[in-house]
Amino acid sequence: SISNRWTKAYKQKILSSRIQSLQLLKSTLEKENIKISQLISASAIGIYPDSLTNYYEEDYQEYSSSFLGEVATKWEEATDSFLELDILVTKIRIGLVLDKHEGALPQLIKPIRFGFGAALGSGFQWQSWIHKEDLARIFIYTLENKLEGVFNAVAPNPVSNQELTKVLAKTL
């Protein structure tokens with residue numbers, strides 16, 4: 001999880017967990033001569049630069065210089081190494097995953113329940129989100145249809161952090 005304090009050691013753990021798992025999978029496939037037809041990898045919309053005005057689509061080529069941008073970029077580079085094995089590569093860039101019982105939503109509503117809900121930072125930053133069930137459907141759809149390339153797994157329209165906070169507060 002990225003939702004811990006980002007010490008130097010923890011940042012390395014975040015990066016290593018994504019890269020080393022893919023390296024292990026690739027070396028095992030090669031060593032054991034195991035053939036698979038498709039690799040579907042999770043990634044993150046954190047790969048895109050921060051912007052208060054831009055919407056990013058899958059073909060956007062500039063990446064964020066932030067830590068999350070670095071993680072997502074290196075993660076996707078490790079994923080692309082499977083192309084060398086003639087494996088179809090699918091990269092799903094995930095936004096904020098919302099579910100009533102787990103993930104980001106319970107954490108977002110916690111301060112609101114106690115009357116301390118407020119937008120984070122300026123509140124103008126975009127929050128691209130998706131429901132857990134829709135995300136699962138995207139993974140299944142890309143597998144069943146053998147889709148390759150990059151897919152942003154988010155709802156069609158992001159909302160500002162301020163809007164999201166207001167909707168959550170109103171709902172509660």
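Predicted model: local features only at pLDDT ≥ 70, side-chain atom pairs only at ≥ 80, totals over all residues.

Reader: Ok. Which residues touch the most other members of the largest nonpolar core?

Author: L22, V71 and F82 do, in a core of 14 residues. Helix 1 (8-31) and helix 2 (67-80) each supply at least two residues of this core.

Reader: And where does the largest share come from?

Author: From helix 1, with six residues. There is also a second, separate core of six residues, and L98, I109, I112 and L168 are among them.

Reader: Why would such residues sit together?

Author: Nonpolar side chains tend to be buried together in soluble globular proteins.

Reader: New topic: strand 2. Buried or exposed?

Author: Buried: seven of the seven residues in strand 2 (residues 88-94) are, so the strand is largely enclosed by the rest of the structure.

Reader: Which residues point which way from strand 2?

Author: L88, T90, I92 and I94 point one way, while V89, K91 and R93 point the other way, and all are buried.

Reader: What does strand 2 pair with?

Author: Strand 1 (residues 38-44) pairs with strand 2 in the parallel sense over seven bridges, and S43 has R93 as its bridge partner. Strand 6 (residues 149-153) also pairs with strand 2 in the parallel sense, over five bridges. There, T90 stands opposite G149.

Terms used. Residues numbered from 1 in each chain as written. Heavy atoms only, no water. Core = buried A, V, L, I, M, F, W, Y, C linked by side-chain atoms within 4.5 Å. Buried < 20%, exposed > 50% of the residue type's maximum accessible area, 1.4 Å probe, protein only. Helix = DSSP H or I, 4+ residues; strand = E, 2+ residues; numbered from the N terminus. Pairing = 2+ DSSP bridges.
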